[in-house]
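Let's walk through a protein model together, one neighbourhood at a time. Keep the 3D view open while you read.

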Amino acid sequence: MQNSGRNTLPDYNATALCTLKSRTGFFDSHCHLDFLFNREKYRGTFSDYQAENRKTFPESYRGCIAVFCKPWTFAKVRALGEIGLDYSGRNNCHEDVQQAVLRRQLRIARDRKMRLVIHCRDAHEDCLSILQEFLPKYTTFHLHCFTDSWTWAQKWMDAFPNVFIGITNLVTFPSAKDTHEVAKRIPLNRLLLETDAPYFVPKKSPYGTKKIHTPEWRSGSCPNCCAEGN
């Protein structure tokens, strides 16, 4: 690891990671296949897509959990989500509306005994409070795309001892200090790795890469994002 006086991250060999043999394998715990296929105007199945882009998948890739937003794509549903609160500047939906919708969604999940995938951005206090209204303390769920501080990660784990916290490829950016701290300190049995594909393109991806699993990779070596289980 080089020390240039700035926040740096350990280097790694992408090719070695792509050929790494693993007994358990790599699983992507959260991705948006419909968004990915729409961006690439792909009309085949995921099996076809994986076969056509075989070089961009690690040898130990074992599968992914796909998130769909359009009702006509729902089949074999296993969880409700991602749902939650987003108070960031990118969302213009009023906080009261978001909270009302979240409560309605949690009632659906409770009535149908469904697992949950939670999205929470800049809204930890309200989101945590609402979930505590509806969920027993030992409910198991996925807190997706966690980018906040270790302090907040601890608060979530204290409130819900069976919560699993997802870390994305944001961890590859030197500026993502909060994410680095969470990744270093979180117990491995509470950690999930997710790409959130086609978003969060890793820092060291080939020049011009705008989404995960791009055609540009087919003519080059396996990209560093394979380290994250894509």
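Start with Glu82, which sits in strand 3 (residues 79–86). Helices (H or I, at least four residues) and strands (E, at least two) are DSSP runs, numbered from the N terminus. A quick word on the ground rules: this is a predicted model, where local features need pLDDT of at least 70, side-chain atom pairs count only at pLDDT 80 or more, and totals for chains, interfaces and linings use all residues. Residues are numbered from 1 along each chain as its sequence is written, and side-chain values use heavy atoms, with hydrogens and water left out.

UniProt, in an unreviewed entry, puts the feature "binding site" at Glu82 and Asp196. Its positions are given in the numbering used here, feature names are shortened, and annotations may be inferred rather than shown by experiment. The two are spread over 115 residues of sequence, yet they cluster in space, with a largest C-alpha distance of 11.0 Å. Both Glu82 and Asp196 belong to the lining of the largest pocket. Here is how that term works: on a 1 Å grid over the protein atoms alone, a cavity is a set of points where a 1.4 Å probe fits but cannot get out, while a pocket is an open set with protein on both sides within 12 Å along at least five of seven lines; lining residues have an atom within 4 Å of a point.

The unreviewed UniProt entry also gives the feature "binding site" at His119 and His144. These are spread over 26 residues of sequence and cluster in space too, the largest C-alpha distance being 5.6 Å. His119 and His144 are both included in the lining of the second largest cavity.

Where do these histidines sit? His119 is in strand 4 and His144 is in strand 5. Asp196, for its part, is found in the segment after strand 7 (191–193).

Are these residues buried or exposed? The table gives the values; buried means under 20% relative accessible area, exposed over 50%, and partly exposed in between (1.4 Å probe, protein chains only).

| Residue | Relative accessible area |
|---|---|
| Glu82 | 26%, partly exposed |
| His119 | 15%, buried |
| His144 | 3%, buried |
| Asp196 | 6%, buried |

Now for who touches whom, where contact means heavy atoms within 4.5 Å. Leaving out residues up to four places away in sequence, Glu82 touches His30, His32, Val67, Val117, His119 and His144. Asp196 has among its contacts Asp28, His30, Cys31 and His32.

Glu82 also takes part in polar contacts through its side chain. One links it to the side chain of His32 (3.3 Å), and the side chain of His144 makes another with it (3.2 Å). A polar contact is a pair of N or O atoms within 3.5 Å; within protein, one must be able to donate a hydrogen and the other to accept it, and residues adjacent in sequence count only if both atoms are side-chain atoms.

## Rings meeting rings

How many aromatic pairs does the structure hold? There are 8. Rings of Phe, Tyr and Trp (its six-membered ring) pair if their centres lie within 6.5 Å; planes under 30 degrees apart count as stacked, over 60 as edge-to-face and the rest as tilted.

Take Phe46 and Phe57, an edge-to-face pair at 6.3 Å centre to centre with 70° between the planes. Phe46 lies in helix 3 (residues 46–52) and Phe57 in the loop between helix 3 and strand 2 (61–66), so this pair ties together parts that are 11 residues apart in sequence. Phe57 also pairs edge-to-face with Tyr61, at 4.9 Å centre to centre and 70° between the planes. Tyr61 is buried, with a relative accessible area of 9%. Elsewhere, Phe37, Tyr42 and Tyr49 make up one aromatic cluster.

## Helix 6 and a threonine

Which residues of helix 6 (residues 150–159) are buried? They are Trp150, Trp152, Ala153, Trp156, Met157 and Ala159. Their cover includes strand 4 (115–121), helix 5 (124–134), strand 5 (141–144), strand 6 (163–167) and helix 7 (177–185).

Last stop: Thr139, in the loop between helix 5 and strand 5. Thr139 is buried, with a relative accessible area of 18%. A polar atom of its side chain lies 2.8 Å from the backbone oxygen of Pro136.
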